[in-house]
Protein chains: 2
Amino acid sequence: MPDVKHQKWWGWGYDGIPDFHYENKPGFAPFVLANIGLDLATAKVVRPPALSELNVPATKASVDDVAALAAIVGDAFALTDDEARIVHWAGRSVRDLIRTRAGNFSRVTDVVVYPGSEDEVQRVLALASERDFVVIPFGGGTSISGSLQAEDHETRVVVTVDLGRMNRLLDVDTHSGLARVQAGILGPDLEDALTARGLTMGHVPDSFTYSTLGGWVATRSSGMQSDKYGDIADIVKGLHLVRPSGVVTLRDLPSTSTGPSVREMIIGSEGRLGIITEVTIQVHKLPAKREVVAYMFPTWEAGLLAMHEISRSEAHPVFTRISDADETRFSLSTLKAPTTPLKKVASFGQERLWDYLRLRGWDTNAMCISYCCFEGSAKHNDREKDVVKAIVGRHGGIVLGGGPGAMYDQKKFDTPYIRDFLLDRNTVGDVSETAAPWSKLAEVHRKAKAAAHAALEQLGRKGFVMCHMSHSYHAGACLYFTFAFVADEGIGALSQYDAVKSAIQQSFMDSGATLSHHHGVGVEHRPWMEQDLSEEGVALMAGLFASADPGNRLNPDKVLPSPR
Amino acid sequence: MPDVKHQKWWGWGYDGIPDFHYENKPGFAPFVLANIGLDLATAKVVRPPALSELNVPATKASVDDVAALAAIVGDAFALTDDEARIVHWAGRSVRDLIRTRAGNFSRVTDVVVYPGSEDEVQRVLALASERDFVVIPFGGGTSISGSLQAEDHETRVVVTVDLGRMNRLLDVDTHSGLARVQAGILGPDLEDALTARGLTMGHVPDSFTYSTLGGWVATRSSGMQSDKYGDIADIVKGLHLVRPSGVVTLRDLPSTSTGPSVREMIIGSEGRLGIITEVTIQVHKLPAKREVVAYMFPTWEAGLLAMHEISRSEAHPVFTRISDADETRFSLSTLKAPTTPLKKVASFGQERLWDYLRLRGWDTNAMCISYCCFEGSAKHNDREKDVVKAIVGRHGGIVLGGGPGAMYDQKKFDTPYIRDFLLDRNTVGDVSETAAPWSKLAEVHRKAKAAAHAALEQLGRKGFVMCHMSHSYHAGACLYFTFAFVADEGIGALSQYDAVKSAIQQSFMDSGATLSHHHGVGVEHRPWMEQDLSEEGVALMAGLFASADPGNRLNPDKVLPSPR
């Protein structure tokens with residue numbers, strides 16, 4: 001494959017990244033045993049097969065099709081080999097991994113091309129119109145919503161356009177705080193290039209390490225620091241969208257009133273309108289100081305009220321986050337055993353702290369850990385920390401301090417590796433996230449957990465469901481649920497997964513929340529679109545797609561089903 | 001007419017609001033004489049004619065059409081009389097007023113209906129589909145972009161739907177900071193209802209007194225306090241859009257990733273997708289304290305740099321605004337003569353201040369007045385004022401204080417009355433506003449003024465052009481230009497107006513700015529849509545309109561021309 005970073009085809013992240021290990025985390029195995037009934041000491045470990053063991057469907061592209069594509073992008077950048085096609089055949093959802101590891105391929109992409117310029121993208125799309133190819137844009141491949149795969153019944157040639165070679169920071173306007181960037185750039189590469197100029201985008205989704213700017217825009221992403229830096233829709237100030245007929249060029253503007261927002265039609269369009277090749281993003285000076293502080297609350301309800309009060313206060317943290325009691329217990333179970341005398345003292349101190357809290361009447365199984373991040377001058381941060389500390393205190397919480405805060409900050413991208421570790425042990429772990437107004441959050445939380453547990457009970461599985469609140473807005477916040485249970489081996493797990501995931505999603509709808517706050521729609525969340533946007537709302541969107549792509553060639557069936 | 005507030009048909013505002021007077025403003029007449037050559041002492045005053053003097057085209061609606069509409073909304077709420085039709089035939093742009101006052105009617109609406117409920121709106125739209133009526137939604141009628149008028153060549157029956165009866169605050173969720181409101185509510189009525197609950201929306205466009213929530217959403221409005229409270233697109237969290245086939249219902253959400261944003265398709269749609277009947281807006285607790293502070297800068301360039309630095313600082317004023325030298329001189333010319341001993345002292349003091357600044361080397365003809373607004377606790381405001389004061393000082397500016405600030409705050413809605421006063425004297429005054437990245441603002445300003453003056457010179461007119469910067473964003477800000485010149489009498493003024501306005505608009509395009517920051521598109525700004533959004537961007541939007549309204553009945557030709 002060309003000199004473009006790819007995730008391994010059987011899991012999250014690059015090949016060679018160390019797997020998750022639990023041996024140095026004494027609380028982990030007992031936690032997993034107690035909560036999902038998985039005994040790590042005896043569990044069968046099913047490692048992914050070798051690619052050669054799998055039966056990869058042959059490409060449907062003719063030699064002439066491939067030659068025509070190669071004539072545009074160059075021979076080295078039009079691939080039909082199994083590895084290239086399997087790396088690109090799906091995203092990295094648990095569904096995708098279960099199927100991939102089982103060799104349960106349906107419609108694998110036929111050709112992977114790596115255009116080197118906007119002009120090449122344009123010519124690929126023009127060729128696709130001419131030859132009736134289906135075109136799927138591909139950034140880092142981290143989608144967990146099923147946005148990267150053709151439908152099973154697709155009979156046309158499917159071309160995946162990997163933007164990985166279009167990965168340059170083109171231009172920076174420091175005075176305006178704007179950077180013009182090619183869409184295929186990966187999160188770390190973008191931040192490195194900006195850091196070198198004393199700048200940051202501040203957009204840090206969980207997938208940051210492996211996802212691209214274009215992917216963030218196409219899926220309407222939001223990063224964990226959105227309280228300060230905004231959702232991707234707030235960050236994008238201009239863009240290029242390549243269409244078969246030409247390029248949509250939106251000038252770089254802080255705001256505009258040019259009718260319905262074409263920018264906001266393209267954000268979240270998941271390839272249905274064309275391929276995003278260039279984005280102008282809002283960038284900020286690197287803060288003088290960054291601090292993450294941890295807090296502990298006696299209950300979830302108290303913590304939620306505190307998060308709400310912070311959002312109404314004169315402090316504006318970069319993020320506020322609180323885990324529910326289950327997620328808090330899980331987090332504590334992943335702490336490493338202390339290896340140095342200092343760490344041993346800290347660990348001992350922590351146990352004594354819990355004892356003390358119990359003496360004060362806390363149920364330490366109900367307590368909830370929270371993190372707030374502060375950026376700015378030391379004086380600014382100190383002031384904000386004081387405001388937050390007072391609020392935390394008013395809601396019965398305590399300050400744990402910067403130590404656990406810094407540890408959270410280091411580990412923030414690690415959950416998907418645990419997901420894959422569990423999958424190696426036939427344990428399905430996945431996420432469902434939503435947003436709702438403040439006044440509905442407690443109910444959304446209660447109902448989603450109840451719905452998940454009811455579905456697990458129906459399956460006769462012992463399951464675990466945890467949640468955190470993050471991404472504060474004036475009007476509400478995001479709730480992010482993670483669930484896990486020991487599933488059947490192989491693709492038998494899929495229907496079990498569907499039962500739990502669907503139950504959670506439907507509970508979001510029933511309690512007035514949305515189908516996804518920042519994971520997009522793909523095909524995974526498509527069934528809830530009419531409930532979320534109303535039939536008439538979906539009809540407006542379907543009309544946009546139909547008028548923009550009457551031939552249904554642009555990543556068809558994502559977000560909404562394409563007409564046949 | 002029903003018990004709904006209407007502006008007078010010949011000008012801005014309600015009948016009976018006192019006209020603008022200059023006799024108590026000693027600087028005004030000399031300023032006008034010097035800058036546009038209009039001698040107020042001798043100028044012919046052309047008062048608007050009586051409605052009975054004008055030849056209003058007859059309605060094209062049949063008796064049966066009117067009866068069918070009346071069967072839905074009630075007899076008292078389906079009107080075809082001249083006054084109702086002329087009040088609703090246009091917005092309140094200078095073009096609209098010149099034509100109205102000259103009796104230069106083209107396609108006057110045929111029937112005005114006042115539905116009392118969403119269901120009635122729905123039935124009006126269904127009837128419109130059945131009978132092929134054109135439907136134009138109408139809020140407060142303050143549009144200055146030509147969004148409320150059928151095209152001259154329209155042969156179908158035109159029905160204007162005045163939302164004035166749908167004007168209730170329906171529900172408030174104080175914890176979430178959300179209020180559900182009917183779209184026809186006027187700015188002051190909405191704020192009064194919120195104030196009674198200790199809340200505010202904080203959305204204050206120049207048209208606030210006479211414009212409606214639905215109008216703000218339909219035209220993608222932004223208020224002068226958007227730095228804190230957001231553009232209307234930030235404020236709207238849920239809405240109802242009635243379409244001929246049903247209602248788009250978007251649930252109340254802080255954020256969501258449900259594909260391309262249907263919410264953002266409806267915002268700015270100016271009636272092309274249906275009629276907005278209900279909006280859930282973000283509301284805030286009334287601030288403990290509100291203060292507007294005035295500053296003076298030696299030059300425009302210094303002031304712009306200071307505004308930029310404030311936008312990058314740890315202070316977050318509710319608004320920052322700076323007038324260029326011309327607008328500053330104009331503002332000073334509208335000061336009232338002091339009538340009390342205290343005011344005389346203040347006025348004397350101000351003259352001495354200018355003397356002092358001249359001694360310090362200022363050219364007081366180049367100085368620029370600025371205002372910043374602070375809201376919050378006294379401590380918070382004091383801290384922010386300190387931050388701003390230091391920045392102002394670094395850029396050579398001085399603090400004028402809260403007195404002139406409070407005066408600005410009182411007069412902020414008055415400019416349109418001056419516009420009408422001048423129009424009575426054959427003087428055309430109008431505005432053109434835009435937004436651009438910080439690094440382009442100085443150039444946009446220079447080029448727009450040069451373009452306007454070149455156009456005026458071409459016309460052989462002595463004209464005046466002034467500007468202020470407002471609506472700060474991280475990436476840029478809005479520039480708001482006002483121009484005036486003595487024009488030909490009657491509708492002869494229109495082509496002169498067009499020449500100047502077009503020159504300014506085109507200069508926006510040429511310097512990378514947008515065609516409008518918050519006045520919308522209508523038909524007035526339509527000619528620049530392709531330059532702003534690119535041909536392909538316009539094609540996407542046109543596709544949305546065509547798919548949503550294949551019969552071209554929903555306020556056709558606004559934003560983009562409708563296909564024939």
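**B:Glu291 and its partner**

B:Glu291 makes a salt bridge with B:Lys385, and the closest N and O atoms are 2.5 Å apart (a salt bridge is a side-chain nitrogen of Lys or Arg within 4 Å of a carboxyl oxygen of Asp or Glu). This pair ties together distant parts of the chain: B:Glu291 is in strand β12 (residues 289–297) and B:Lys385 in helix α14 (residues 378–394) of chain B, 94 residues apart. For the element names, helices (H or I, at least four residues) and strands (E, at least two) are DSSP runs, numbered from the N terminus.

Ground rules for myself: this is a predicted model, where local features need pLDDT of at least 70 and side-chain atom pairs count only at pLDDT 80 or more, while totals for chains, interfaces and linings use all residues. Residues are numbered from 1 along each chain as its sequence is written, chains are lettered from A and ligands numbered from 1 in the order in which they are written, and side-chain values use heavy atoms, with hydrogens and water left out.

A:Arg123 and A:Asp119 form one, at 3.6 Å from N to O. Both sit in helix α5 (residues 118–131) of chain A, four residues apart, or about one turn of the helix. A:Arg123 is partly exposed at 37% relative accessible area, and A:Asp119 is partly exposed at 44%.

A:Arg156 bridges to A:Glu154, with the closest N and O atoms 2.8 Å apart. Buried or exposed, A:Arg156 and A:Glu154? Both are buried.

I also noted a network of salt bridges that links A:Lys228, A:Arg290, A:Glu375, A:Asp409 and A:Lys412.

**A:Glu278**

A:Glu278 is in strand β10 (residues 275–282) of chain A. A:Glu278 counts as buried, at 11% relative accessibility. What does the side chain of A:Glu278 make a polar contact with? The answer is the side chain of A:Arg180, at 2.8 Å (a polar contact is a pair of N or O atoms within 3.5 Å; within protein, one must be able to donate a hydrogen and the other to accept it, and residues adjacent in sequence count only if both atoms are side-chain atoms). Leaving out residues up to four places away in sequence, A:Glu278 touches several others, including A:Glu118, A:Leu170, A:Gln182 and A:His240 (contact means heavy atoms within 4.5 Å).

**A:Arg419**

I checked A:Arg419 since an unreviewed UniProt entry covers it with the annotation "binding site"; such annotations may be inferred rather than shown by experiment. A:Arg419 lies in helix α16 (residues 415–423) of chain A and is buried, at 11% relative accessibility. A polar atom of the A:Arg419 side chain lies 2.9 Å from the backbone oxygen of A:Arg92. Among the residues that A:Arg419 touches are A:Trp12, A:Ser93, A:Leu97 and A:Gly429.

**Helix α4 of chain B**

Eight of the eight residues of α4 (residues 94–101) of chain B are buried, so this helix is largely enclosed by the rest of the structure. They pack against α3 (82–87), α16 (415–423), β16 (427–437) and α18 (493–510) of chain B. After α4(B) comes B:Gly103, with a positive phi near 65 degrees.

B:Asp132 has phi near 60 degrees. B:Asp132 lies in the loop between α5 (118–131) and β3 (134–138) of chain B, and is partly exposed at 31%. B:Asp557 has a positive phi of about 75 degrees. B:Asp557 comes in the segment after α19 (529–548) of chain B and is buried, at 3% relative accessible area.

**Where A meets B**

How many residues does the contact take from each chain? I find 84 from chain A and 84 from chain B. The two chains bury about 6,200 Å² between them, 59% of it on carbon and sulfur atoms (buried area is the accessible area, 1.4 Å probe, that two parts lose on being put together, summed over both). The rule finds two salt bridges across this interface. B:Glu536 forms a salt bridge with A:Arg243, closest N and O atoms 3.3 Å apart. On the chain A side, helix α19 (residues 529–548) gives the most, with 14 residues.

How values were computed: Buried means under 20% relative accessible area, exposed over 50%, partly exposed in between (1.4 Å probe, protein chains only).
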